Amino acid sequence: MEKLFRCVCMLFIIKYGTVNADCGVISKDDWDGLTPVHVEYLNRPVQLVIIQHTDTPPCLTDDACSARVRSIQDYHMDTLKYWDIGSAFLIGGNAKVYEGSGWLRVSVPTHAYNRKALRITFIGNYNSHQPTIEQIDALKALLRCGVNNGHLDSNYKIVGHRQLMATDSPGRKLYNLIRRWPEWLENVDSYKQ
C-alpha cells in the first residue's frame, strides 16, 4: 500500500511540475533539453550529493550556458550512451542552476553510487579557477530547497567526484572548498559497493 501511495505521489509531482518548485532552476524545457531515453527513479530522500565539474571552458551568459548544457547532454546521450544528461543539476558561470535529470531520476546508471546520489556539476574547470561566490550561493540554495521539499535527507553528505573514481573532478579549487563544509564525507567506502 505504501509503494502505491509513493507511486501516486510521484506521478502527481511529475504531471504537475512541482518537482523544482521554488528552487529557481532553469527547466529542461527552457534550455531545450531532450527527453531521456529511459528513466529509473531514485529512492528519496537522497543522502549523498556528488560535486563535479565539466572540465570545459566556463559559460558566463544565459545563452552560452544553455548551449553548453545542450552540448553536454548530446555528448552524454549520443557518445557515452547515457539515458540522459549525466547530472541532476548543472551550475553555470552565470550562477544559474540548470535542470539535468532532476531530483527524481538516476542520472548515470553505470555505478552503484549513482543510484543513491545526486550529481551536481559546475560548468567549467576548477583546477585553476575558484567558483564564484554566486555559484556557491546557487548550490547552497539548491541544496536547502532539496531538503525543504523532501528530495534530500536533512543529514545529506557531500563528496567530490574524485573520491568515487579516478578523476580530478571537481577540480582542485572546488574540491578544497567543499572539503571544509560540515556536510563533507571523508570515507566513501560504503557508497562504492
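## Close-up views of a predicted protein chain

**View 1. Two disulfides are found in a search of the whole structure, a disulfide being a pair of cysteine sulfur atoms within 2.5 Å.** The structure is a predicted model, in which local features need pLDDT of at least 70 and side-chain atom pairs count only at pLDDT 80 or more, whereas totals for chains, interfaces and linings use all residues. Residues are numbered from 1 along each chain as its sequence is written, and side-chain values use heavy atoms, with hydrogens and water left out. When the bonded cysteines of the protein chain are numbered in sequence order, the pairing reads 1-4, 2-3.

**View 2. Cys23 is joined to Cys145 by a disulfide with an S to S distance of 1.9 Å.** Cys23 lies in the loop between α1 (2-16) and β1 (25-26) and Cys145 in helix α3 (residues 133-148), so the pair ties together parts that are 122 residues apart in sequence; helices (H or I, at least four residues) and strands (E, at least two) are DSSP runs, numbered from the N terminus. The torsion about the S-S bond is about -85°, so the disulfide of Cys23 and Cys145 is left-handed. Cys23 and Cys145 are both buried, where buried means under 20% relative accessible area, exposed over 50%, and partly exposed in between (1.4 Å probe, protein chains only).

**View 3. The disulfide between Cys59 and Cys65 has an S to S distance of 2.1 Å.** The link of Cys59 and Cys65 is right-handed, with 100° about the S-S bond, and both of these cysteines are buried.

**View 4. Phe122 and Tyr126 form an aromatic pair that is edge-to-face, at 5.9 Å centre to centre and with 75° between the planes.** Rings of Phe, Tyr and Trp (its six-membered ring) pair if their centres lie within 6.5 Å, and planes under 30 degrees apart count as stacked, over 60 as edge-to-face and the rest as tilted; by this rule the count comes to three aromatic pairs. Phe122 is buried, with a relative accessible area of 0%, and Tyr126 counts as buried at 4% relative accessibility.

**View 5. Lys140 lies over the face of Trp181, at 4.9 Å from the ring centre, and Arg162 lies over the face of Tyr175, at 4.4 Å from the ring centre.** A charge is taken to sit over a ring if NZ of Lys or CZ of Arg is within 6 Å of the ring centre and within 35 degrees of the ring normal.

**View 6. The peptide bond from Arg44 to Pro45 is cis, with omega near 5°, and a cis peptide bond with omega of about 20° joins Ser169 and Pro170.** Pro45 lies in the loop between β1 and β2 (46-53), while Pro170 is found in the loop between β6 (152-160) and α4 (172-178).

**View 7. Asp32 has a phi near 65° and Asp55 a phi near 60°, each a positive value in a residue other than glycine.** Asp32, in the loop between β1 and β2, counts as exposed at 56% relative accessibility. Asp55, in the loop between β2 and α2 (62-79), counts as partly exposed at 44% relative accessibility.
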